[in-house]
Amino acid sequence: MGDNVFRLTATDMSKRLLIPIFAASLVAITAATSGQAQPQPRGPAQPRTVTPRAALGAEELNNIGVFKRVSPSVVHITTLAVQRDFFSLRTSEQPSGTGTGFVWDEAGHIVTNFHVIQGGDRATVTLADQSSYPARLVGAFPDRDLAVLRIEAPRDKLPAISIGASRDLQVGQKVYAIGNPFGLDQTLTTGIVSALNREIESVTRRTIKGAIQTDAAINPGNSGGPLLDSAGRLIGVNTAIYSPSGASAGIGFAIPVDEVNRIVPRLIRDGRFIRPALGVTSGPPQLTQALGAPKGVLLVNVAPNSPAAAAGLQPYGRDRSGRIVQGDVITAVDGQAVSDLDDLLSLIEARQIGEKVTLAVWRGGQTRKVTATLGSSD
């Protein structure tokens with residue numbers, strides 16, 4: 001064959017063979033369908049028939065009832081911080097955080113966590129009907145992570161939450177949490193009381209004793225919201241979660257309502273929590289161990305004219321030759337043992353100024369009981 005003869009490769013041959021076959025198939029399909037009638041409409045599409053269900057269960061009805069009754073008392077709190085532009089020196093308000101609170105009374109007092117408003121210059125409270133009001137700070141007690149705000153709103157928009165008790169709670173009780181997790185307002189989660197008498201740390205690093213542990217989902221934004229029992233009564237204020245990821249891991253904590261009900265009225269009345277006081281200063285635990293004293297609050301100073309001085313308490317000290325002079329160690333208050341200053345403060349704070357307490361006091365191997373009348377920390 002000559003050089004100018006056109007050659008077909010194997011691939012070219014396969015393509016040329018396929019084209020007539022495809023064309024013939026298309027002609028056959030067209031011929032087969034050209035004489036057929038077009039599909040007729042079958043009428044409108046019909047939804048599936050709804051399967052009837054039985055009445056809602058008792059637990060579901062209670063969940064719904066608790067939410068309907070209590071949600072009007074739950075509020076959304078937004079804090080704002082004033083910021084100044086470095087170059088223009090203009091000031092502007094920027095959102096600094098959000099959280100939850102609840103209506104304490106018809107006077108417009110709102111209870112929340114201290115850490116919800118911490119660092120903010122101004123706060124806005126949004127009620128369940130989405131109306132918003134500027135709030136002013138009435139008082140705060142950071143050691144217990146509690147704060148009280150007040151808004152000027154019509155009384156009919158301020159249904160006070162029902163108060164329960166935490167002293168008789170039992171592990172396994174049903175609980176509800178209502179809050180604004182991640183800014184999603186009016187969210188209900190359910191769970192149980194997982195444990196009681198837990199200890200958590202406040203923003204001031206003071207220990208909050210008697211905390212309620214729950215597996216009801218508590219996420220960022222739930223802080224300051226109510227923990228409720230199955231009757232819809234307040235039993236705690238949601239304050240913290242234990243989670244490496246920062247989201248709910250089934251371990252949340254609430255400040256018990258008995259503590260809240262003791263502190264909030266004082267914040268409303270005085271604008272701050274004025275502690276009852278004995279007028280003593282304690283030494284560190286290392287000093288107690290070094291001196292061979294029993295576990296308790298070892299006194300290194302007793303303020304003149306204080307309740308402790310009036311009760312005859314003496315601090316440790318040194319004589320003229322530098323030798324240690326034994327003083328007193330408070331080991332119990334009203335029969336409740338104290339192991340350190342935090343224990344003593346927690347027990348004293350649960351009393352009122354002017355109330356008498358019985359102290360168990362150790363000195364030189366002997367324990368005696370003395371009565372002291374609590375004074376003011378001011």
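Predicted model: local features only at pLDDT ≥ 70, side-chain atom pairs only at ≥ 80, totals over all residues.
View 1. Leaving out residues up to four places away in sequence, Ile330 touches Leu278, Gly296, Val297, Leu299, Leu313, Val338, Leu344, Leu359 and Ala360. Ile330 belongs to strand 18, which covers residues 329–333. With a relative accessible area of 0%, Ile330 falls under the 20% limit and is therefore classed as buried. One of its contacts, Leu359, lies 29 residues from Ile330 in sequence, while the two C-alpha atoms are 6.7 Å apart in space.

**View 2. The largest nonpolar core.** This core has 23 residues, and those with the most contacts inside it are Val70, Phe102, Trp104, Leu228 and Val260. Two or more residues each come from helix 2 (58–70), strand 5 (132–141), strand 6 (146–151), strand 7 (174–179), strand 11 (234–241) and helix 4 (257–270). Helix 4 gives the most, with five residues. A second, separate core has 19 residues, among them Leu299, Val333, Leu344 and Leu359. In soluble globular proteins, nonpolar side chains tend to be buried together.

**View 3. Contacts of Trp104.** When residues up to four places away in sequence are not counted, Trp104 touches His109, Val111, Ala160, Ile163 and Leu234, and also Val260, Asn261, Val264, Pro265 and Ile268. Both Trp104 and Val260 are among the residues with the most contacts inside the largest nonpolar core.

**View 4. Helix 4 and the residue that follows it.** After the helix comes Gly271, which has a positive phi, near 80°.

**View 5. Asp145, a buried acidic residue without a salt bridge.** Asp145 is placed in the loop between strand 5 and strand 6. Although Asp145 is buried, it has no salt bridge, and the nearest side chain of opposite charge, that of Arg144, is 11 Å away. The side chain of Asp145 does make a polar contact with the side chain of His115, at 2.8 Å, and a polar atom of the Asp145 side chain lies 3.1 Å from the backbone nitrogen of Phe114. Setting aside neighbours within four places in sequence, Asp145 is in contact with Thr112, Asn113, Phe114, His115, Val203, Ile208, Thr239 and Ile255.

Definitions and conventions
Residues numbered from 1 in each chain as written. Heavy atoms only, no water. Core = buried A, V, L, I, M, F, W, Y, C linked by side-chain atoms within 4.5 Å. Buried < 20%, exposed > 50% of the residue type's maximum accessible area, 1.4 Å probe, protein only. Helix = DSSP H or I, 4+ residues; strand = E, 2+ residues; numbered from the N terminus. Contact = heavy atoms within 4.5 Å. Lys, Arg positive; Asp, Glu negative; His and termini not counted. Salt bridge = Lys/Arg side-chain N within 4 Å of Asp/Glu carboxyl O. Polar contact = N/O pair within 3.5 Å; in protein donor to acceptor, adjacent residues only side chain to side chain.
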